[in-house]
Amino acid sequence: MNYRHMLAGAAIAGLMAPAAWAERGSDGQVNILYWQAISIMNPFLSNGTKDIEAGSLVLEPLARFNETGVLVPYLAEDIPTLENGGISEDLTSITWTLKEGLLWSDGTPVTAADAVFTWQYCTHPEGGCAQAPNFGGVSNVEAVDERTIRITFDGPKPYPYGPLVGGQSPVLQAAQFEGCLGANAPTCTEANTMPIGTGPFVVTDFRANDVVLLEANPNFRDPDKPAFQTVVLKGGGDPASAARSVLETGEFDYAWNAQVEPEILTQMAAAGRGEVLSSFGTLVERIHVNQTDPDPSLGEGMRSTAAHPHPFLTDPDVVKALSLAIDREILVETGYGAAGQVTCNLVPAPDFNASPNNDWCKTQDMEEAKRLLDEAGWVPGSDGIREKDGRRLSILYQTSTNSVRQGAQALIKQWWEELGVETELRNIDAAVFFGADPGSPDTLQKFYADVEMYANNFDGTDPEKYLGDWICDQAPRPETQWQGGNTSRFCSEEFDALLAKLGSTAGQEARSAIAIELNDMIVNSTSFIPLIHRGRVSVKSNSLGGVLLNSWDSELWNAADWYRMQ
Amino acid sequence: MFAYTLRRLLFAIPTLLVISFIIFALLDLSPGDPTANLPLTIPAEVREQIRISLGLGEPFHIRYLLWLQQFFVNEPLNILERMTGWTIGDSANRMRVISWQTRSPVVDIIAERMPQTLWVVGMSYVVGILIAVPIGVLQAYKQYSIFDQVGTFVSMIGYSVPTFFTGLVLIVIFSVQLGWLPSIYDTNLEVNSLDTFWLQVKQMIMPVMVLALANASQIASYMRASMLDNLNQDYVRTARAKGMKEQTVVLVHVLRNSLIPVVTVIALGIPAIFSGAIITEQIFRVNGLGQLLITGIQGADLPLVQTLTFIFAFLIVAFNLIADLLYGMLDPRIRYE
Amino acid sequence: MSDAAMSVLDTTPPRSQWGDVWRQFRKHKGAMVGMVIFGLILFAVIFGPYLYTVDPQYIDVRARNAPPSWTHPMGTDNIGRDIFAQMLQGGRVSLAVGVTAMLLALFLGTLVGMLAGYFRRLDGILMRVTDLFLALPILPLLLVIIMLFRDTLRALFGPETGIFLLIVGIIGITSWMQTARIVRGDVLALKEREFVLAAKSIGTPARRIITRHILPNVLSPIMVSATLGVANAIITESALSFLGLGFPSDFPTWGRLLFDGANFMTLTPARVVWPGLAISLTVLSVNYIGYGLRDAMDPRIRGR
């Protein structure tokens, strides 16, 4: 007897019903497992991706990205463009129209005023809204009429699909969140855990960091959906056991983010109960090369700052040799399997933004790497470690704790030592590494190491904001409390100028051309070693249909279309 | 004895205050950041705003005093209100201890987690003690017999193999291969019929056994050692010489005198029930207090960790006092003036 | 020393206390087996890496997840490192950490427990300190300790010794409390017993009473603490490396091998069987040595 069936109890009788998309709630229960448990259903106060994705079952934006990265209307009737007049000629405003007859799950109508309220809610200075960047540059949001929303920007906005688009910024119900503005935001427990939404499901029971129970929204706009009557969204544990519960024991239908070694997944999938899905967005696993000197003897406030350039990692030959010595194919094979591809770019996707110019790093070339170092005067010393003018090529290599990353570290260490570069490894607890506590020496931004490895991506398909992390001013330094996205401390006036140009260029082709040029500047600098274009990897059981894994939006973006296969 | 208890109780108040202050300072000093789990795409200014909205902008002593007020004044008032239905003062605007991660009152989350933790971790303790005491006694009574050797062997393996490993072995055998037991604990299960009771038993078996094995190994080892010390004492020989029944000698006199270290271990273990069993809870997704604590620490959820740790500290102080009083009952010669 | 002196010593063996203990210990079968096994493990980890010269950090990418064979007696891990070499190398660290940290915790625990149990004036304050240590949340404590001391220790003693001292120190100061409470409980009872009262009445100084009369009588729970302490320290070390607190990730230890191998249990069972076995055997042998010592030091048994 299968445990899942018992869990579902009587409801699962619907399993025997004919074609799944026939009617709402006909397919019983779906069990979804997130190994990072859900803390809150309101994405504006979320602690991470998992909360945003859970929220997407209930709350919806005007439009979402589909699995190919194309915008599709959700609450909106269609996508406003320059052509259809939805975007003003001077690029300073965008006008959305809501679908007709939309209802909140409590039966009240959705109006443009809800969208206006959502903007006020997230931009309130005391609210601590995590998604505030989505409303960056918005000067006003107004309700033209019941169904028309006009968003005005404080200047030309060539890419206006930030506010109220995508899983991060859905529309909240004004009536429910009225009393939750500003400093009151965190105290609205009821609203934050059981929001009233327009999505396919409604929260019926919420246990923070444990489990969320949902049922089909009786007022969902498509009368035949969702096929499932109830959803169990369980949390906790680790990625490997999450995958096991779908692929081997069959207790769950879907497990999020199964980032485990590929051979384990393959072995689990061999049980024949489910399959591994992967999908590629813009996530790149990379090594950032410190352009400043992290030597502790420089003292606090001086180490890892622009005042002291790195003694050897600013040498183009050294960094190119380090990059050439890495066999990225093997990193993919040992750590990522189907969820990884070799890449030499900072912006790997979508295709029109990916640079075709950097394929040199795709194959390992140890001989070339050694030749480069020899020619640059870095010759092996008595212990095999290369040195020049009394400087040894000795590197401290840090990353967060994660078995796949530690495997990659060990492999790269071996290649670098073969090259004659001494490498010391360090791994740091993720909560500290990705935290931004200025008191801790081990954060990503402080970068008290020579090189560090992590992954980063951008939301949506437009890379402007993401490339904007690489301007000189974004370098973390004591004056900024060690905050800033430019961890490598890359700095080039040429780059800053070109980025400014991107900010005033409209039209996708022209923007892509500039984005590719910016990407190439970084990839060919000494501050960045691209490794792997990583996909999302999740697992689903064979009996779950309609799943389209999406890397551009929430993974649960189309949960309304999920159904039980016969 | 009464005076001693009263003095200890009074002394416990400053002790707990000092402990709570040290815990708060430690948590404040430790390099965590409540925005660490947010995607890297969220810029620093926004993170700073989030931190300020959580109250991290206030100086250390203000935050500590605020917590003291929330925990020692507001929360008890709130509980009182709920029990009696009265309204005391401005109850709607009374600030409770709010978790940063979930934005809901910490005390409510703890209350929500209590059942599964008590069921699983508490039960494993009871099972552990029930297995360990008889085994330890028998092992000592028949020192170096086959039973003793096997018992030693099993308890040493049980203690030296960590729970993350035994848990996984059990899951692979009983959930994956045999398909008998669920590998994921269902915290929503309500026991209201024989069927649901059976489901509850099934989902508790593995986590309880994993924890019970580790607990039992430890208690049995102390039990055996302590029994051995006493079995060779003169009073045992005297009792036997007086013709007392062997059963009475061993189970009444020797056992009672051997319980002091065992009582200590158990008294240290009961508060630990409330700190949960972090690893076992994670493996089986029991999501009790241990999992709450660890997610709180990982998310640098200061109010949650502070409150949970303080409750834990309170229990430690309480149970150590109970252990001290028990010593006096087990061995009347012990005097605390 | 001359031959003559030797023969004198041989013919008239001084019946010292420790000589008696050793004679009795040798008669204890379990303890001797434990000694031999512990000795073998020690021998293997100390001299093994010189005999089996495969580099534990060398990655042979083509031989990933290999089953046991002549080239890799215990197989390889998922990136192609030889497990046997890692076991030998890892044992050095695990044993060193396990035994040193256990000794430190035992020393602290016994000292605190003894003082608190015997001297009533110290009892209150020492036990409240114990309560405090029991209550401190371990994880944040560890993070603070690394933040404060890692770089200092690294600068003073170099990366490896520095981290070793850090780990031993951390395990030591976070695991002495149980021993302290147990020792105190026993001492509270013992100090009211007739033989202690007798010693006191003839004016024996406290130091002498503690070392000669009380300590031998609380030895058995201390021995149990020691055995459990070794297992604890070996496992805790692996948890520390997991937090990024311990040795670098490519530096094998038994606990770490077991931890990393757990997910590969069904794919390459050798990865978990050997480290698990090594830890268990070490703990078992230490345990039997403890039994032997306890029996040998108990004058009531020694006579038999």
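Reader: What share of chain A is buried?
Author: Buried residues are 58% of the 566 residues in chain A. Keep in mind that this is a predicted model.

Reader: How many helices and strands in chain A?
Author: Chain A has 15 helices and 21 strands. With a radius of gyration of 25 Å, close to the 24 Å from the globule rule for 566 residues, chain A is as compact as a globular protein of that length.

Reader: And the box for chain A? What does it come to along the principal axes?
Author: Roughly 75 × 60 × 40 Å for the C-alpha atoms of chain A.

Reader: Let's look at strand 11 of chain A. How many of its residues are buried?
Author: Strand 11 spans residues 274-289 of chain A, and 12 of its 16 residues are buried. The strand is mostly covered.

Reader: How many bridges does strand 11 of chain A make with strand 19?
Author: There are 12 bridges, and the pairing is antiparallel. Strand 19 of chain A covers residues 528-541. One position to look at is A:Val284, which stands opposite A:His533 of strand 19.

Reader: And with strand 18 of chain A, parallel or antiparallel?
Author: Antiparallel, with six bridges between strand 11 and strand 18 of chain A. Strand 18 is residues 451-456. There, A:His288 has A:Glu452 as its bridge partner.

Reader: Switching to helix 9 of chain A. Which residues are buried?
Author: A:Arg328, A:Ile330, A:Leu331, A:Val332, A:Thr334, A:Gly335 and A:Tyr336. That makes seven of the nine residues in helix 9 (328-336) of chain A.

Reader: What covers the buried residues of helix 9 of chain A?
Author: The cover includes helix 7 (262-269), strand 12 (340-342), helix 11 (403-419) and strand 19, each of chain A.

Reader: On to interfaces. How many residues do chain A and chain B put into their contact?
Author: Chain A gives 53 residues and chain B gives 47 residues. On chain A, helix 1 (3-8), helix 5 (189-193), strand 7 (201-207), strand 8 (211-216), helix 6 (239-247) and helix 12 (430-433) each give two or more residues to the side that touches chain B.

Reader: How does that side of chain A divide by class?
Author: The side of chain A that touches chain B has 18 nonpolar, 23 polar and 12 charged residues.

Reader: And where chain B meets chain C, how many residues from each?
Author: That contact takes 48 residues from chain B and 45 residues from chain C. The elements of chain B that supply at least two residues each are helix 1 (2-29), helix 5 (146-160), helix 6 (163-177), helix 7 (194-231), helix 9 (246-274) and helix 12 (302-330). By class, that side of chain B has 33 nonpolar, 11 polar and four charged residues.

Reader: How many helices and strands does chain B have?
Author: It has 12 helices and zero strands. The C-alpha atoms of chain B fill a box of roughly 80 × 60 × 40 Å along the principal axes.

Reader: What percentage of chain B is buried?
Author: Of its 337 residues, 47% count as buried. For contacts in chain B between residues at least 6 apart, 69% join residues at least 24 apart.

Reader: Why does B:Leu293 count as buried?
Author: Because B:Leu293 has 24 other C-beta atoms within 10 Å, and the cut-off for buried is 20 or more. B:Leu293 lies in helix 11 (residues 289-298) of chain B.

Reader: Last one, chain C. At what angle do helix 5 and helix 8 of chain C pack?
Author: About 145°, with axes 10 Å apart. The crossing of these two helices of chain C is left-handed.

Reader: Which residues meet between helix 5 and helix 8 of chain C?
Author: From helix 5, C:Thr130, C:Phe133 and C:Leu134; from helix 8, C:Met177, C:Ala180 and C:Arg181. By class, this contact has four nonpolar, one polar and one charged residues.

Technical notes
Residues are numbered from 1 along each chain as its sequence is written. Chains are lettered from A and ligands numbered from 1 in the order in which they are written. This is a predicted model: local features need pLDDT of at least 70, side-chain atom pairs count only at pLDDT 80 or more; totals for chains, interfaces and linings use all residues. Two residues are in contact if their C-beta atoms, placed from the backbone, lie within 7 Å. Helices (H or I, at least four residues) and strands (E, at least two) are DSSP runs, numbered from the N terminus. Ala, Val, Leu, Ile, Met, Phe, Trp, Tyr, Cys and Pro count as nonpolar, Asp, Glu, Lys and Arg as charged, and the others, Gly among them, as polar. Axes are lines fitted to C-alpha atoms, for helices over the stretch in contact, and angles run from 0 to 180 degrees between N-to-C directions. A crossing is left-handed if the near helix is turned anticlockwise from the far one by less than a right angle, and right-handed if clockwise. Two strands pair if DSSP finds at least two bridges between them. The radius of gyration is taken over C-alpha atoms; the globule rule is 2.2 Å times the number of residues to the power 0.38.
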